[in-house]
Amino acid sequence: MTDRLEYGATEDRTMPAVVYGLYLLAFATVVTAFIGLIIAYSQREGAGARTRTHYTFLIRTFWMSIVWWIVGGALVVWGGIFSIILIGLPFLAIGIFIMAAVGVWWALRCILGVIYLARDEPYPRPHAWLA
């Protein structure tokens, strides 16, 4: 109850919910993640303290996932090229594992964010790497 008093009583939760939805739709089409990122950046400054934590969390989720997707994708490409001489197979497997783990991590962060938003609570650790 003290969180609600500290963060104010009236904050619109619609736009953070839209961004979470767009992020979850990114499994079908990646474009929605970029649209969600633009919305999060545009709404963060005018948001209240509670919803600002969700926007910060969403923005960090996007950029951290991009970094790890690039790492995993580079390992997949490099491993795929060098799998002809079998030295690339471990790198290919590691790259595929990283990319799959990022997908699970992305979904988990979005689901947890929706849960906190539905409870009308700020995200407790928006700058954390793990959910």
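Trainee: Where is Leu-86 found?

Mentor: Leu-86 sits in the loop between helix 4 and helix 5. Helices here are DSSP runs of H or I with at least four residues, strands are E runs of at least two, and both are numbered from the N terminus. This is a predicted model, in which local features need pLDDT of at least 70, side-chain atom pairs count only at pLDDT 80 or more, and totals for chains, interfaces and linings use all residues. Residues are numbered from 1 along each chain as its sequence is written, and side-chain values use heavy atoms, with hydrogens and water left out.

Trainee: What phi does Leu-86 have?

Mentor: Start with the general idea. Most residues other than glycine have a negative phi. Leu-86 is not a glycine, yet its phi is positive, about 70°. Asp-120 is another case, with a positive phi of about 65°. Asp-120 lies in the segment after helix 5.

Trainee: Is Leu-86 buried or exposed?

Mentor: Read the relative accessible area: under 20% is buried, over 50% is exposed, and in between is partly exposed (1.4 Å probe, protein chains only). Leu-86 has 60% relative accessibility, so it counts as exposed. Asp-120 has 17%, so it is buried.

Trainee: At what angle do the axes of helix 4 and helix 5 cross?

Mentor: Axes are lines fitted to C-alpha atoms, for helices over the stretch in contact, and angles run from 0 to 180 degrees between N-to-C directions. Under 35 degrees is roughly parallel, over 145 roughly antiparallel, 65 to 115 roughly perpendicular, and the rest oblique. The axes of helix 4 and helix 5 come within 7 Å and cross at roughly 165°. The two helices are therefore roughly antiparallel. Their crossing is left-handed: the near helix is turned anticlockwise from the far one by less than a right angle, whereas clockwise would be right-handed.

Trainee: Which residues of helix 2 meet helix 3?

Mentor: First the geometry. Helix 2 (residues 14–25) and helix 3 (residues 31–44) have axes that come within 7 Å and cross at roughly 160°. That makes helix 2 roughly antiparallel to helix 3. Contact means heavy atoms within 4.5 Å. From helix 2, Met-15, Val-18, Val-19, Leu-22, Tyr-23 and Leu-25 take part. Their partners in helix 3 include Ala-33, Ile-35, Leu-37 and Ile-39. By class, this contact has 11 nonpolar, three polar and no charged residues. Ala, Val, Leu, Ile, Met, Phe, Trp, Tyr, Cys and Pro count as nonpolar, Asp, Glu, Lys and Arg as charged, and the others, Gly among them, as polar.

Trainee: How many aromatic pairs does the structure hold?

Mentor: Seven. Rings of Phe, Tyr and Trp (its six-membered ring) pair if their centres lie within 6.5 Å; planes under 30 degrees apart are stacked, over 60 edge-to-face, and the rest tilted. For Phe-62 and Trp-63, the centres are 5.0 Å apart and the planes at 90°, so the pair is edge-to-face. Phe-62 is buried at 2% relative accessibility, while Trp-63 is partly exposed at 42%. Phe-34, Phe-62 and Trp-63 form one aromatic cluster.

Trainee: What does Trp-129 touch?

Mentor: Set aside residues up to four places away in sequence. Trp-129 then touches Arg-60, Met-64, Trp-68, Trp-105 and Arg-109. Trp-129 lies in the segment after helix 5 (89–118). Its C-alpha atom is 9.9 Å from that of Trp-105, 24 residues apart along the chain.
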